[in-house]
Amino acid sequence: MEQSTEQLTFDFFTEKPHIVATSSTDEINLELGAFAGPLDLLLFLIKQEQANIFDIPIARIANEYLKYIRLMKSLDIALAGDLLVMAATLIEIKSKMLLPREISDETEEGIEDPRRELVDRLLEYERFKSAAQMLYTRSTIEQAVFPRGQIETDENNTEVNVSVFDLLNVFQKIIARQTEEIQIEIQREEMSLSEMIKNLKRRILQTKQLNLLEFFREMQSKTELVLAFIAVLEIVRTESVKLLQDKTFGVIILSKV
Amino acid sequence: MKNKFRIYHSESLCGEKFMDSEIEEKKARSIAELVSIIEALIFVADEPLSIKILADVLEEEKEIIQSAIEELSKEYEERDGGLQLREIAGGWQISTRTKFHAEIRAFLKTRPSAKLSLAALETLAVIAYKQPATVPEILEIRGVQSASAIKTLLDKRLIVARGRKETVGRPMQYGTSKDFLIQFGLKDLSELPSIEDFEDLVH
């Protein structure tokens, strides 16, 4: 598969983060050096601070983590949501650690370390990171092994034995299909919900009051009717309009407040 | 040939006798002959050839095929030539030895295919060990949305969809494919080192 059309590289400490734009998708992936996500970044920071993973100095690590995020912001990089979630988690743990813990008569194990869940996740992630490393090694070795080349069989032989008449025959079929296709009339896509809402808003602004029954009658298809109904619900919720009804089963009027 | 000759001459063409001579013909294969036939079949097969398929095609007992393959495998090892016979993805395959990769690439004028990204490899690792794994389960372990990595793996046919999980949101489940075993040189999934072992490796 061909990808990576452009690569912008810049330095971050010793790591080299870079933006990889893939041609196949609209997405732009930001690869921060060797970081594959918040857990990876956290592991890196813990190693950099030479901290013990089972006793993370959460304040220090959280600071480093936020520093990193601020740096990314200053570089005007849109942060991935996942990174922010982790930042919030770190701050939450940090604040929990600051709170005095209730000293009960129960055993020490009864008191949950606020870092516990994060440590478990980090350890599990680290295992899979090593597994990924193992897969990488295996695939590298495997790329040095070649099975025999392909043998020509009916299945993979794309060459066909046809005469000029066969080709002509197929060509005529294609032509026939072509004219058929032209005859297909494409109906205009029905109104979208936002169009419908816009439409309804304009009507209300113009008339101040709108008989809903009449409004619904204008609709030409079931889909439009459904859209109109949703538009009414939406507009009552978001705009300063109200629904009026004099008596049960009476006419419903949409009115500007 | 001798056997066929006998069928021709056995006057009576009744089924029983015919079967008899066919069995006789089958039995006539010596183990050395079987080793050669199996080698030829493995050579022409596009995919690793399983013992079951060999047994079906050759109408032999699996145990006999197994011992013939072991014999063949021994021959390859002893010869230590440019080819190797190895067990991969639940079958047997003849391939070149790793040490000649540079010369082979020079001849084929190919380069190693694009490596998977770190994200794709991590996602693949999670799927390989947790299969069938869902997107939320992968997110839980990796801490990152892995949608594009999953797409890459599906495109490369390393993973396959395995139906939906009957839970909230009915997320799609993924598992590794046969291509995964082939590309990573695995006999089967049990050949993957246990995930718990990686802990000792790290700490």
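Which residue stands opposite A:Leu243 in S6(A)?

## Model and conventions

This is a predicted model, in which local features need pLDDT of at least 70 and side-chain atom pairs count only at pLDDT 80 or more, while totals for chains, interfaces and linings use all residues. Residues are numbered from 1 along each chain as its sequence is written, and chains are lettered from A and ligands numbered from 1 in the order in which they are written.

## Strands of chain A

The residue opposite A:Leu243 is A:Leu254 in S6(A); helices (H or I, at least four residues) and strands (E, at least two) are DSSP runs, numbered from the N terminus. Strand S5 (residues 241-245) of chain A runs antiparallel to S6(A) and is joined to it by five bridges, where two strands pair if DSSP finds at least two bridges between them. The hairpin of S5(A) and S6(A) has six residues between the strands, and A:Phe249 takes a positive phi near 60° there.

Strand S6 (residues 252-256) of chain A also runs antiparallel to strand S4 (residues 209-211) of chain A, with three bridges joining them. In this pairing A:Asn211 stands opposite A:Ile253 in S6(A).

The secondary structure of chain B comes to 11 helices and five strands. Of its 203 residues, 24% are buried, that is, have 20 or more other C-beta atoms, placed from the backbone, within 10 Å of their own.

Helix H7 (residues 118-130) of chain B and helix H9 (residues 147-155) of chain B have axes that come within 9 Å and cross at roughly 80°, the axes being lines fitted to C-alpha atoms over the stretch in contact, with angles running from 0 to 180 degrees between N-to-C directions. H7(B) is therefore roughly perpendicular to H9(B), a term that covers angles of 65 to 115 degrees. B:Ala119, B:Ala120, B:Thr123 and B:Leu124 in H7(B) meet B:Ala149, B:Ile150, B:Thr152 and B:Leu153 in H9(B), contact requiring C-beta atoms, placed from the backbone, to lie within 7 Å. The residues of this contact comprise six nonpolar, two polar and no charged, where Ala, Val, Leu, Ile, Met, Phe, Trp, Tyr, Cys and Pro count as nonpolar, Asp, Glu, Lys and Arg as charged, and the others, Gly among them, as polar.

## Contact between the chains

Chain A gives 34 residues to the contact and chain B gives 36 residues. On the side of chain A that touches chain B, helix H1 (38-48), helix H3 (81-98) and helix H4 (116-142) of chain A each supply at least two residues, and H4(A) gives the most, with 16 residues. By class, that side of chain A has 19 nonpolar, six polar and nine charged residues.

Methods:
Parallel < 35°, antiparallel > 145°, perpendicular 65-115°, else oblique. Contact = placed C-beta atoms within 7 Å. Buried ≥ 20, exposed ≤ 12 C-beta atoms within 10 Å, placed from the backbone.
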